[in-house]
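User: I am new to this structure and would like to go through it step by step. Could we begin with how some of the helices pack?

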Amino acid sequence: MAMNRRQFLIGAGLAAAATAGGLTACAPGSRGNGGGNAGGEQGAATLALAWWGNPTRNKNTEAMIAAYMKANPNVKISGQPGEFASYWDKLATQTAGGTAPDIIQMDMAYISEYGSRGALLDLKDVDVSKFAEGTVDSGKINEKLVGINAGVNSAVILANPTVWEKAKMEMPDDTTWTWDQMAEVAAEVASKAGVPFGLASLVGSDPFFATFLRQNGKELFTPDGLGFEAAEAQAWYDMMVRFQKANALGTPAQISEEGSGPSAKPLDQSALVVGNAAMQYWNTNQLEAISAAAGGDYLMEMLRGPSLAGKATERKTWYKASMLWSASAKTKNPEAAVAWINWFANDQAAADIDKAERGIPPNTEIQAAVKPKLSAAQQRVLQYITDIQPEVAATPIAPPPGGGTLAEVLFRNGIDVLFGRSSTAEAAQKFVDEVKSNLQV
Amino acid sequence: MSAISELSTIRRTKAKTPEEKRLAAKEAGRDNKAGYLFLLPWLIGLVVIVAGPMIASLYLSFTNYSLIQAPEWIGLDNYVRMVNDPRLHKSITVTFIYVIVGVPLQLIVALGVAMLLNEGMRGLAFYRSIFYLPSMLGASVAIAVLWRQMFEVDGLVNQVLRLFGIPASTSWIADPQWALWTIILLHVWTFGSPMVIFLAGLRQIPGMYYEAASVDGASKWAQFRKITLPLLSPIIFFNLVLQIINAFQSFTQAYVVSNGTGGPADETLFYTLYLYQRGFVQFQMGYASAMAWLLVVIIAAFTAINFYLSKRWVFYGD
């Protein structure tokens, strides 16, 4: 039945396209296409392409599909735009019913759920030779390349310059600050500017927890499972309690209300955007959207995460794939799906449309060519991503199946600690136990 | 005598000869066929949408099924795992508090409002609609979002409290101590459908009982206890059974208020919300199916207890 629906959708899409084409052809003064593409009907490959996004991304993706179909008349692509939360419900049911879209926009949190269960196509035929170092590995599951980085990202602390001005403080030196110095600065700016949060959304941010672990010689995940013990988790919770007591992170109620991951407030109501926070944890590709939502004529400042040693080169950050392109293992047209992903990754025409909307293009040649066309915010992000190159450590492995929920568990137990409902030791043990049991699926 | 009943009397008296009886039977058969035809959409719905998936989920509850790979038979493993799942126990506690506190409170409010509306005031239809409105909206996403904004740190509730000099600085929705109670409040607020049923029930109670009682000098409270409650008890019972079943299946409010996490700190982790997380977030459809069957058993047990206890307090007037 779902199969029929998909065919119906494709059919409807084509019919709509045909009607639109017919209308333009009828319009006075339109330039006729002459012969048409009747020859392309035979053996035409049809592909369904699913993504989640925002209005800008939807527009870009539709435009890319149209451009691709024009250049490749033998391929028919139907787009399936979606919204992040429901996207995964739909993809799971489609995959269960054997009707997964041919090309799938994928997230790091889910890639191994699908990849390690054989649901994703091996993409070894996609050309990644021009990708920057450290941008390919995130798409590898069990040594098999099942996701192509669609844009480079890195976890970042965004700072709202208007709050800092109000506090009459200079931006700190983010290349030398330690965790404790960061908390001191956060507490100072919060009290001087009179805002609730010095630094918002730290408690449940898995990238910062991960760098904290990596600076201590551990990892979130290793190929054998969880890469740390309750002791490290307790150290994190102890640090959070210390920072919160120093008034750097907001009150427990405010931290809980701001949320984290799936429970986080929407971007336009986030503490940083509404001016309630001096700093907040985000990802680099969100700079433009955040600055736009704040409505001012300024951009948020990008600050590096801290390190234990006070040296940015030892903070063990990494290039994250903001999202990836995968293909269904069951696609009827694997070559066509690979060809489209290859086109997105390596063709200037695609980059000219999408620019840095999905993150900085990992292909360095494309990156250089697209640079002058970027908006001011995107140029800043590109500069930042280039600047941190010497600080980038190995790419962590993707969370194994069941590991995608780690951040939510980290935050939930953190809330228990902050409200004094459990000790840091208890919370750390519960956190580790739950993540471990989620991994044994 | 109305025209219709006259007609049926004529028919009854007419259909006497065997020939006419046969015809009448045939007609009844045709009526039955039409009846089944009208029933068909429901019947198809029952088999395809209810019974089919239920049997499938019973099977899946004995498997490890990730949605992506084919289900793998693991016997009772899912049920065994449920015994040692702290979040499952938490979700059962949360749901029980919600049902045991929320349902009686909601019914009390519904009955109270229904009795007020039964006083024969002017513009009754208007008030009835107004009071019913929350029930139409209560399960909607918009109201859950509104709830979030009312009960946050700088929300409406705290602003009003501060007007009265109460230094309210917590977030009712984000403080683990209070979060569930805001959702119970939302549940109580959607008292419309039991209220309408109560109102209909109150209308059925003959006024003469009250007249007789007041002549005998019975107070309002005595009238309520000795006349209203016993005569309304079948309606109360009906509402109680229905609302308990509904409350066990509550999902939307908690889902929207906590963005699907059951937070803060799992204090609003309703059973169905956890079931959804297991099935669709963690891809454990087998475990989620087992949870669904446990819920069926819990609801069936509650309903059975309800029916058993009803013999002691429900009065059918015979």
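This is a predicted model: local features need pLDDT of at least 70, side-chain atom pairs count only at pLDDT 80 or more; totals for chains, interfaces and linings use all residues.

User: Is the crossing of H15(A) and H16(A) left-handed or right-handed?

Analyst: The crossing of these two helices is right-handed.

User: Which residues make the contact?

Analyst: From H15(A) come Leu406(A), Val409(A), Leu410(A), Arg412(A), Asn413(A), Asp416(A) and Val417(A). H16(A) contributes Thr424(A), Ala427(A), Lys430(A), Phe431(A), Glu434(A) and Val435(A). By class, the contact of H15(A) with H16(A) has seven nonpolar, two polar and four charged residues.

User: What does Arg412(A) form with Asp266(B)?

Analyst: Arg412(A) forms a salt bridge with Asp266(B), and the closest N and O atoms are 3.2 Å apart. The count between chain A and chain B is four salt bridges.

User: How many residues are in contact between the two chains, and what area is buried?

Analyst: On chain A, 29 residues are in contact with 30 residues of chain B. The area buried between the chains is about 2600 Å², and carbon and sulfur atoms give 55% of that area.

User: How many salt bridges does the structure hold over all chains?

Analyst: The structure holds 28 salt bridges over all chains. One salt bridge joins the side chains of Glu188(A) and Lys192(A), at 2.7 Å from N to O.

User: Where do Glu188(A) and Lys192(A) lie?

Analyst: Both lie in helix H6 of chain A, residues 179–193, and they are four residues apart, about one turn of the helix.

User: Turning to chain B, at what angle do H4(B) and H13(B) pack?

Analyst: Helix H4 (residues 86–117) and helix H13 (residues 271–281) of chain B pack at about 150 degrees, with their axes 8 Å apart. They are therefore roughly antiparallel.

User: Which residues meet there?

Analyst: Arg87(B), Leu88(B), Ser91(B), Ile92(B) and Thr95(B) of H4(B) meet Tyr271(B), Tyr274(B) and Gln277(B) of H13(B). The residues of this contact divide into four nonpolar, three polar and one charged.

Note on methods. Residues are numbered from 1 along each chain as its sequence is written. Chains are lettered from A and ligands numbered from 1 in the order in which they are written. Side-chain values use heavy atoms; hydrogens and water are left out. A crossing is left-handed if the near helix is turned anticlockwise from the far one by less than a right angle, and right-handed if clockwise. Contact means heavy atoms within 4.5 Å. Ala, Val, Leu, Ile, Met, Phe, Trp, Tyr, Cys and Pro count as nonpolar, Asp, Glu, Lys and Arg as charged, and the others, Gly among them, as polar. Buried area is the accessible area (1.4 Å probe) that two parts lose on being put together, summed over both. Axes are lines fitted to C-alpha atoms, for helices over the stretch in contact, and angles run from 0 to 180 degrees between N-to-C directions. Angles under 35 degrees count as roughly parallel, over 145 as roughly antiparallel, 65 to 115 as roughly perpendicular and the rest as oblique.
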